[in-house]
Amino acid sequence: MSTVDPEDPRTGGTGDQGEDGRRPADDIDAEFARLMEGISLDEPPLTVEDVLTEPAEEDSEPTVAVIATSVVTAKALAGVIRLGREARTDGIDIPSGTRTLDSSTGAIAAGPLAETAAHDLAAITSAALQRNGIVLFWRRGDRMTATRYKYGERGEDISPAIVLGAVDDIVEELLLGVTDLAELGDGLDPSALSRAQALEWIASGKKRK
């Protein structure tokens, strides 16, 4: 028994084909016109380079990273991060754009960092703080994450809602875009410190003024 649908051109049926088994030219022209809708022949065709260099929509979304710590002052935290970079043996560096800022629940480190850079900063920071754990918050678009770090190692991922209540409101405001980093001033750049300055800043920044 034949399973060929005489009306389905995909199974070899003739449908509206002519006597010679071919579809009428006007049907072919109509189908071609449908396929070419929205395509301009005046525009140069895309090349492989165009596709590879065109930024993905996700990559164009602004990002923000905030590291919550128990360090008393931004000055001390800047020194801690600088020494943390020195303590690492894997070569990761303090990401460009990192700054430290004071908050009511402990100094924070923040910046418009990509996800990998944010985790590098968290690893550096916790390497110096050792057993004093920190939490890295990171957001891009609708995606928000929170990750614990201790002894320079990444720990568990947790719900941001669980830990946001324990930190200054400024952390949530930064993550939600209610407050922009630029509104908080320049902060302190830990990568600009020498080792001697870092030690001095840690010693002088242990107490909140």
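Strand E1 (63–68), strand E3 (108–111), strand E4 (134–140), strand E5 (143–150) and helix H5 (160–164) are among the elements that cover the buried residues of helix H6. Here a contact means heavy atoms within 4.5 Å, and helices (H or I, at least four residues) and strands (E, at least two) are DSSP runs, numbered from the N terminus.

Before going further, a word on the model: it is predicted, so local features need pLDDT of at least 70 and side-chain atom pairs count only at pLDDT 80 or more, while totals for chains, interfaces and linings use all residues. Residues are numbered from 1 along each chain as its sequence is written, and side-chain values use heavy atoms, with hydrogens and water left out.

**Helix H6 and its ends**

In H6 (residues 169–176), the buried residues are Ile 170, Val 171, Leu 174 and Leu 175. Buried means under 20% relative accessible area, exposed over 50%, and partly exposed in between (1.4 Å probe, protein chains only). These four sit on the same side of H6 because they cover an arc of only 135° around the axis, taken from the directions from the helix axis to the C-beta atoms. An α-helix has 3.6 residues a turn, so residues three or four places apart point the same way. Just after H6, Gly 177 has a positive phi of about 80°.

Asp 168 caps the N-terminal end of H6. Elsewhere, Thr 73 lies in the loop between E1 and H3 and is buried, with a relative accessible area of 8%. Both residues make a polar contact, a pair of N or O atoms within 3.5 Å in which one must be able to donate a hydrogen and the other to accept it; residues adjacent in sequence count only if both atoms are side-chain atoms.

| Side chain | Backbone nitrogen | Distance |
|---|---|---|
| Asp 168 | Ile 170 | 2.8 Å |
| Thr 73 | Ala 76 | 3.1 Å |

**The cores**

A nonpolar core is a set of buried Ala, Val, Leu, Ile, Met, Phe, Trp, Tyr and Cys residues joined through side-chain atoms within 4.5 Å. The largest has 27 residues, of which Ile 67, Leu 77, Ile 81, Leu 121 and Leu 136 touch the most other members. At least two residues of this core come from each of E1, helix H3 (74–87), helix H4 (115–129), E4 and helix H7 (195–204). A second, separate core of 18 residues includes Val 64, Leu 101, Leu 175 and Leu 181.

**The whole chain**

The protein has seven helices and six strands. Of its 209 residues, 36% count as buried.
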